[in-house]
Amino acid sequence: MKEGIHPEYRKVVFLDTSSDFKFLSGSTKHSDETIEWEDGNTYPLIRVEISSESHPFYTGKQKADTVGGRVDRFKKKYNMK
């Protein structure tokens, strides 16, 4: 790799603000906030609004699609169900 053109890749802590879930991962994202992690080290803190802890796909709390797709609407319109 060419020196000086790539962002610094380091470990950071991501904090899901909707569920207070934290996880340690690698990232090139920069932050002025820091947090002490479970291992005793201090890492940059990145706040996110949603993660696997709060996303409906991963939690199983998805909203049911009551409108349906084009085929369902067509069948309903012509009483084909």
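Arg-47 and Glu-33 form a salt bridge, with their closest N and O atoms 3.0 Å apart; the term covers a side-chain nitrogen of Lys or Arg within 4 Å of a carboxyl oxygen of Asp or Glu. Arg-47 lies in strand S4 and Glu-33 in the loop between strand S2 (21-27) and strand S3 (34-36), so the pair ties together parts that are 14 residues apart in sequence. Strands (E, at least two residues) and helices (H or I, at least four) are DSSP runs, numbered from the N terminus. Arg-47 is partly exposed at a relative accessible area of 47%, and Glu-33 is partly exposed at 36%. Here buried means under 20% relative accessible area, exposed means over 50%, and partly exposed is in between (1.4 Å probe, protein chains only). Side chains of opposite charge can pair when their charged atoms come close.

The model is predicted: local features need pLDDT of at least 70, side-chain atom pairs count only at pLDDT 80 or more, and totals for chains, interfaces and linings use all residues. Residues are numbered from 1 along each chain as its sequence is written, and side-chain values use heavy atoms, with hydrogens and water left out. The pLDDT is the predictor's confidence in each residue, from 0 to 100. Its mean for the protein is 84, and 80% of the residues reach 70 or more. Confidence is highest in S3, at 96, and lowest in helix H1 (residues 56-59), at a mean of 63.

The count of salt bridges comes to 2. Besides the pair already described, Arg-10 forms a salt bridge with Glu-8, where the closest N and O atoms are 3.4 Å apart. Glu-8 is exposed, with a relative accessible area of 53%. Arg-10 itself is found in strand S1. Contact means heavy atoms within 4.5 Å; not counting residues up to four places away in sequence, Arg-10 touches several residues, including Ser-25, Ser-27 and Pro-44.

Ser-27 belongs to strand S2 and counts as buried, at 12% relative accessibility. Although Ser-27 and Arg-10 are 17 residues apart along the chain, their C-alpha atoms are separated by 5.7 Å. Leaving aside neighbours within four places in sequence, the contacts of Ser-27 are Glu-8, Tyr-9, Arg-10, Val-12 and Phe-14. A polar atom of the Ser-27 side chain also lies 2.9 Å from the backbone nitrogen of Lys-29.

The largest nonpolar core consists of 6 residues: Val-13, Leu-15, Ile-35, Trp-37, Tyr-43 and Leu-45. Strands S1 (10-16) and S4 (42-48) each supply at least two residues of this core. A nonpolar core is a set of buried Ala, Val, Leu, Ile, Met, Phe, Trp, Tyr and Cys residues joined through side-chain atoms within 4.5 Å. Leaving aside neighbours within four places in sequence, Tyr-43 is in contact with residues including Val-13, Ile-35 and Trp-37.

The structure also holds 3 aromatic pairs. Phe-74 and Tyr-78 form a tilted one, 4.9 Å centre to centre with 55° between the planes. Rings of Phe, Tyr and Trp (its six-membered ring) pair if their centres lie within 6.5 Å; planes under 30 degrees apart count as stacked, over 60 as edge-to-face and the rest as tilted. Phe-74 is partly exposed at 45%, and Tyr-78 is partly exposed at 46%. Elsewhere, ring pairs link Phe-14, Phe-21 and Phe-23 into a cluster.

Helix H2 (residues 70-77) is hardly covered, with 0 buried residues among its 8. Asn-79 follows H2 and has a positive phi, near 50°.

Notes
Polar contact = N/O pair within 3.5 Å; in protein donor to acceptor, adjacent residues only side chain to side chain.
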